[in-house]
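Here's a quick briefing to read with the model open beside you.

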Amino acid sequence: MTRVPTHDHAPDPAPLDPRAAPAPAYGAGSLADLLPAAVPELRSPDSGTGFVLPPADRVAVFLIDGLGWQALHDHPHLAPFLTSLLPTSGGGTGAPITAGFPSTTATSLASVGTGLTPAAHGLAGYKVRDPERGVLMNQLRWNPWTEPAHWQPHPTAFRRAQAAGVETSQVSAPHFEHTPLTQVALSGGTFLGRLDAGERMDLAAQRLAAADRTLVYTYYAELDGAGHPFGMDSEAWRGQLRYVDSLAQRLAEQLPPRSALYITADHGMVDVPPGEEFRHDFDEDWELRAGVALLGGEGRARHLYAVPGAAADVHAVWREVLADEAWVVTRDEAVELGWFGPPGSPVEPRIADRIGDVVVAMTGNHAVTATTTEPKESALIGMHGSLTAAEQFVPLLEVRT
């Protein structure tokens, strides 16, 4: 793909300053802070979080895949119940929390389920390099197979809560029970699988009342599932938002006494229009390919693994080509700026080389696709992963009894 200026005398746009990119609010209101804030047994002096929620004997987390704060605000007529709870968000501040980077399902579920940032749990994107094998590892599909406990050795928050005497349950679709992602991010206590989402809400309420101290997690995937192929400007997505609103109300109306229900999401979403104006095709762009050994991440958040000695050139070229369409940083800059954990805090040594030599976070409605090597992902309309408000900000809605 050759870049063509809009007219003969238009200067090339200056690259975006990555220092202006909005870093996730690790320690002050991110998905990694949710369970340590909500469950006293998970708090510790060295947890690094200043985010605290009022105590409750029974805590439920309903995670709606793809429900961004901005999208919920933009569609109040489709989700009247969830909209009515917006003033409760963020511990009663009426504000969103942040997903973390990248704002993608595998990373966010690991942040929720471990209470750790990506710099600690290590699921640092949709696809990252396995430093031991030199190949890309898809952390959502868990392909190629990697021993889960080796990839993410920290105990989940659910395991820690169960060990501390909190009766813990996950209520989800049956096919999630034995996945490696569940094992490393959400395991502990009792897993209860139900195909019907309404039944999951009923069962989650029952499990919440099963003991004096309980923690219950439940999940709904289909809002995200509609947004990816059809976009948010579709009847499929709107229908899913209406339905998930009814599910949240169904669960809230069955809460037992002394309960707190938190409704949140793993990320938001943006619709990426077709055409070269919005989509850079890595497989067809010799400039972007030059010096890149492996293209990781996903369309809105890329990890670039350079051939030896080429990292500086890759960084410079991507900054120039994407200019005002992306924040482009080196690995060290991403860590220092707080993309994967609090600013300046180190990543665990086993994780460092999973992060790209160059990390790219798209702005606006732009994406870097790869139509030959990633045909299915490149055909999506709804995408996520970056640091924009539409993707980063998620609700933390609250209902108490």
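A contact here means heavy atoms within 4.5 Å. What you're looking at is a predicted model, where local features need pLDDT of at least 70, side-chain atom pairs count only at pLDDT 80 or more, and totals for chains, interfaces and linings use all residues. Residues are numbered from 1 along each chain as its sequence is written, and side-chain values use heavy atoms, with hydrogens and water left out.

**The whole chain**
- The protein chain has 18 helices and 18 strands; these are DSSP runs numbered from the N terminus, with helices being H or I of at least four residues and strands E of at least two.
- Its radius of gyration is 21 Å, which agrees with the value near 21 Å for a compact globule of 401 residues (taken over C-alpha atoms; the rule is 2.2 Å times the number of residues to the power 0.38).
- The C-alpha trace of the protein chain spans about 70 × 45 × 35 Å along its principal axes.
- Of the 401 residues, 58% are buried (under 20% relative accessible area, with exposed over 50% and partly exposed in between; 1.4 Å probe, protein chains only).
- Take the contacts between residues at least 6 apart in sequence: 74% of them join residues at least 24 apart.

**Helix α5, wrapped up**
- Helix α5 covers residues 105-114, and ten of its ten residues are buried, so the rest of the structure largely encloses it.
- The buried residues of α5 include T105, L109, V112 and T114.
- What do they pack against? The buried residues of α5 pack against α1 (34-38), β1 (58-64), α6 (118-121), α8 (157-163), α9 (180-185) and β7 (214-220).
- Just after α5 comes G115, with a positive phi of about 70 degrees.

- Strand β12 (residues 301-306) is mostly covered, with six of its six residues buried.
- In a regular strand, side chains alternate between the two faces of the sheet.
- From β12, A301, H303 and Y305 point one way while R302, L304 and A306 point the other way, and all are buried.
- β12 pairs with strand β11 (residues 292-295) in the antiparallel sense over three bridges, and V292 stands opposite A306; strands count as paired if DSSP finds at least two bridges between them.
- Five residues lie between the strands in the hairpin of β11 and β12, where G297 takes a positive phi near 75 degrees.
- β12 also pairs with strand β14 (residues 358-362), in the antiparallel sense over four bridges, and the bridge partner of R302 in β14 is V360.
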